[in-house]
Amino acid sequence: MRALAATLVLTLTLGSGCATTRSTTRSAYQRPMVKAGIALTAIGSAISIAGTILYFSTSGDPHTTGLILAPSAEPLMITGTVLWVVGLIRAPHDEK
């Protein structure tokens, strides 16, 4: 499973301290596609929540605005989710 922390540092010790090898692996959160997916999903969720609050807490014109605003965020959230998953599936060496 891929590391989801900032940086994974592996330390391998051979024998009784005779040699040490360190390597770092790029975190999934540092990948551009994952970052874009997270951002789009968060923005879409915020717009959807704002529209839902407008819809249920008001009447008249703001009620209609909330009715339009809430589902209009779905394409952002769907695109964000797809980018997020594709970014996690891609091997780290595929990104340059």
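Helices here are DSSP runs of H or I with at least four residues, strands are runs of E with at least two, and both are numbered from the N terminus. The model is a predicted one, so local features need pLDDT of at least 70 and side-chain atom pairs count only at pLDDT 80 or more, while totals for chains, interfaces and linings use all residues. Residues are numbered from 1 along each chain as its sequence is written, and side-chain values use heavy atoms, with hydrogens and water left out.

Of the 96 residues in the chain, 19% are buried (under 20% relative accessible area; exposed is over 50% and partly exposed lies in between, with a 1.4 Å probe and protein chains only).

Ser48 sits in helix α1, which spans residues 32–57. With a relative accessible area of 15%, Ser48 counts as buried. Setting aside neighbours within four places in sequence, Ser48 is in contact with Ala70, Ala73 and Met77 (contact means heavy atoms within 4.5 Å). Across the chain, 55% of the contacts with a separation of 6 or more are between residues 24 or more positions apart.

Ile78 belongs to helix α3, residues 74–89. Its relative accessible area is 52%, so Ile78 is exposed.
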